Amino acid sequence: MITPVKESLIRKGLTLYKCNFSDGQTVIHITIFNNKYLAKALRTFDEYILFGKVEKSFTGAFMSSPQIEKADVAQGIHPIYSATENLNSRAIAKVVKAALDKIELFEDTLSTEIRDEYNLCSLDFAIRQIHFPSCEKNIEKARRRLIFEELLTLQLGLLKLKDKKDTKNNYVLKEDCTKEFFSLLPFTPTNAQSNAIKDCINDMQSHKTMNRLIQGDVGSGKTAVAAAAIFSVIKNGYQAAMMAPTEILANQHFESLSKLFENAGLKIALLTGSTKAKEKREIKAALMEGDIDLIIGTHALIQNDVEFKNLALVVTDEQHRFGVEQRASLAMKSASPHLMVMSATPIPRTLGLIIYGDLDISILNELPAGRKKIRTDVVDSSYHQRIYNFIKKNVDEGHQAYIVCPLVEESESDLISATEYADELSEKYLQGYNLALLHGKMKAKDKDAVMQSFADKKTDILVSTTVVEVGVDVPNATIMLIENAERFGLSQLHQLRGRVGRGSEQSYCILVSDSKSDSSKERLAVMKKTSDGFEIADYDLKTRGPGDFFGKRQHGLPNLVIADMLEDMDTLMECQQCAKEMLIDDPNLDKYPLLCEQISDMFRKAEY
């Protein structure tokens, strides 16, 4: 039942219509804005269903501009679409309904056997019910089918991609030179390193080309694993290449591997953007002749005029810093060379096989002997003076420190910027010490110069934004101070913490936060409690979700429309099993042409 509609002109161009609706027990006050047609169409004794947000106050319940439909034609469960300025949800629903009415039947992408085995409704039922459901139960049926199909498409695509990369091995290693390599090391490898090296050698001695991810926590010794594979490849008469994301990291790899192999008779060269023109020409000529065994460099390695005689192994460091095409460009310098990618980014175990579905994975989960656990403390800004005194004490003892801020320049935010903070520290709190500033807006050459100065111990304290997250190995740095720590993801904090603790001295990570949020406090407490990057990544994923967890990093994973890799993990496991069974029965998916189209579309958008 409806009370008569009252009309009132608030101002020019704004007319309000007010009335009360009642179901015989409860009254709700309704306001309609600028809709004379709707207001005049309402009849006192007709029955209506109202859709909208109900607000309550001490005078009763209210709804502003609800959707009002006659009870005899209203749809019980109503679809809500992402509206635009000129197209509201109701208009979109009408168009969708008209389109669905014109389609007699949606051809199913899955066989009846698969639908029965995994308790899935038909695609036709799922599409119609997800838009205009007749009941809650049917919504769940429809969602399960569409989520299953999306995750199955993803899994099939990754498995087919991996199968495509399982090419014939053109560079079979006849000899395993691991024992000789171990004699060059000044330390005993961890069990995890030994197992990873064994994985690589087994791959390269098999009939298939190696495609392996070496995933290890910060400081776990990934470079030693890469060095072992490089050594065996060269001793078998082939060439190897290692690509790093920055010149300074390429320089560090060049120095450390040159030192390691100085008595092994290996010819090593460095090729970066800073290499002089004459030297570049000589290096490129030597690579073509096979006179260089190992080339280490940056993007300069993938230039068109860089050619190899017999490149058998390609290693990329910090692989998420390279685009898919950049990694592929180096691999195309030879006929299906072995591929190793290294990553210090801890990916939750539940996602590892999905994100790197086209790679085999070796995980380094042990720290080398002699490394001390980094002490982590969480404090508020009232501790700043004590922290500065602690930094000065450590620098006076010959050590170095990092100070990380979330912002680069002054802004409306109350967070202090890196540039402003660096000035304040050098003029006031840390006066007399050599400070340097590093941020993402600097030119690459300037960034490298700042990091090199820090690595050479010419700078005592490095004030930086998160660009220092992936940097060079500075064993002399023992303090990592992170301001506004609540602003960072846990995996990012863990990466930053990994910049210290590289030497034998005790190192410290100090997280400063004034946040009163319980969730922020809980997250930072996890950092204090554990140093296991994978445990931290699992927690980060659960609390922030996959989108926030990955941030802007290029992980190459196709975007999902309806499925959620965290919420739908059980379905994901079912899809992995289903995809494997389907490809065993039908390797080319000839029985599933529509699924093949979906796979192509999904992975084309992901730039695979």
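This is a chat about a predicted model of one protein chain.

Trainee: What's the mean pLDDT of the chain, and how many residues reach 70 or more?
Mentor: Remember it's a predicted model. The mean pLDDT is 85, and 88% of the residues reach 70 or more.

Trainee: Where does pLDDT stay under 50?
Mentor: Residues 320-324 are one such run, and the model gives them 19 contacts beyond four places in sequence. Residues 547-556 also stay under 50, with 23 contacts of that kind.

Trainee: OK, the overall picture. How many helices and strands are in the chain?
Mentor: There are 20 helices and 20 strands. The chain has 608 residues, and buried ones make up 50% of them.

Trainee: What share of the contacts join residues at least 24 apart in sequence?
Mentor: That's 71%, counting contacts between residues at least 6 apart.

Trainee: Switching to strands. In what sense do S2 and S3 pair, parallel or antiparallel?
Mentor: Antiparallel, over 7 bridges, with S2 covering residues 14-22 and S3 covering residues 27-33.

Trainee: What do S2 and S3 form, and what's up with Gly24?
Mentor: They form a hairpin with 4 residues between the strands. Gly24 sits in the turn and has a positive phi of about 100 degrees.

Trainee: Which other strand does S3 pair with?
Mentor: S3 pairs with S6, residues 60-64, in the parallel sense over 4 bridges. There, Thr31 has Ser64 in S6 as its bridge partner.

Trainee: And how do side chains go in a regular strand?
Mentor: They alternate between the two faces of the sheet.

Trainee: New topic: Leu120. Where is it?
Mentor: Leu120 is in the loop between helix H3 (112-117) and helix H4 (123-131).

Trainee: Buried or exposed?
Mentor: Leu120 is buried, because its relative accessible area is 9% and the cut-off for buried is under 20%.

Trainee: What does Leu120 touch?
Mentor: Leaving out residues up to four places away in sequence, Leu120 touches Leu110, Ile114, Arg115, Arg144, Arg145 and Phe148. Glu149 is 29 residues away from Leu120 in sequence, with 9.6 Å between their C-alpha atoms.

Trainee: Another loop residue, Thr209. Where is that?
Mentor: Thr209 is in the loop between helix H7 (191-205) and strand S8 (211-216). Its relative accessible area is 6%, so Thr209 counts as buried.

Trainee: What does the side chain of Thr209 reach?
Mentor: The backbone oxygen of Lys168, at 3.1 Å.

Trainee: And Met602, which helix is that in?
Mentor: Helix H20, which spans residues 593-605. Met602 is buried because its relative accessibility is 11%. From Met602 to Asn559 the C-alpha distance is 7.9 Å, and the two are 43 residues apart in sequence.

Trainee: Last one, cysteines. How many disulfides?
Mentor: The count is 0, with a disulfide taken as two cysteine sulfur atoms within 2.5 Å.

Trainee: Why does Cys135 count as partly exposed?
Mentor: Because its relative accessibility is 30%, which falls between the 20% and 50% cut-offs. Cys596 is partly exposed too, at 23%.

Key:
Residues are numbered from 1 along each chain as its sequence is written. This is a predicted model: local features need pLDDT of at least 70, side-chain atom pairs count only at pLDDT 80 or more; totals for chains, interfaces and linings use all residues. Side-chain values use heavy atoms; hydrogens and water are left out. Helices (H or I, at least four residues) and strands (E, at least two) are DSSP runs, numbered from the N terminus. Buried means under 20% relative accessible area, exposed over 50%, partly exposed in between (1.4 Å probe, protein chains only). Contact means heavy atoms within 4.5 Å. A polar contact is a pair of N or O atoms within 3.5 Å; within protein, one must be able to donate a hydrogen and the other to accept it, and residues adjacent in sequence count only if both atoms are side-chain atoms. pLDDT is the predictor's confidence in each residue, from 0 to 100. Two strands pair if DSSP finds at least two bridges between them.
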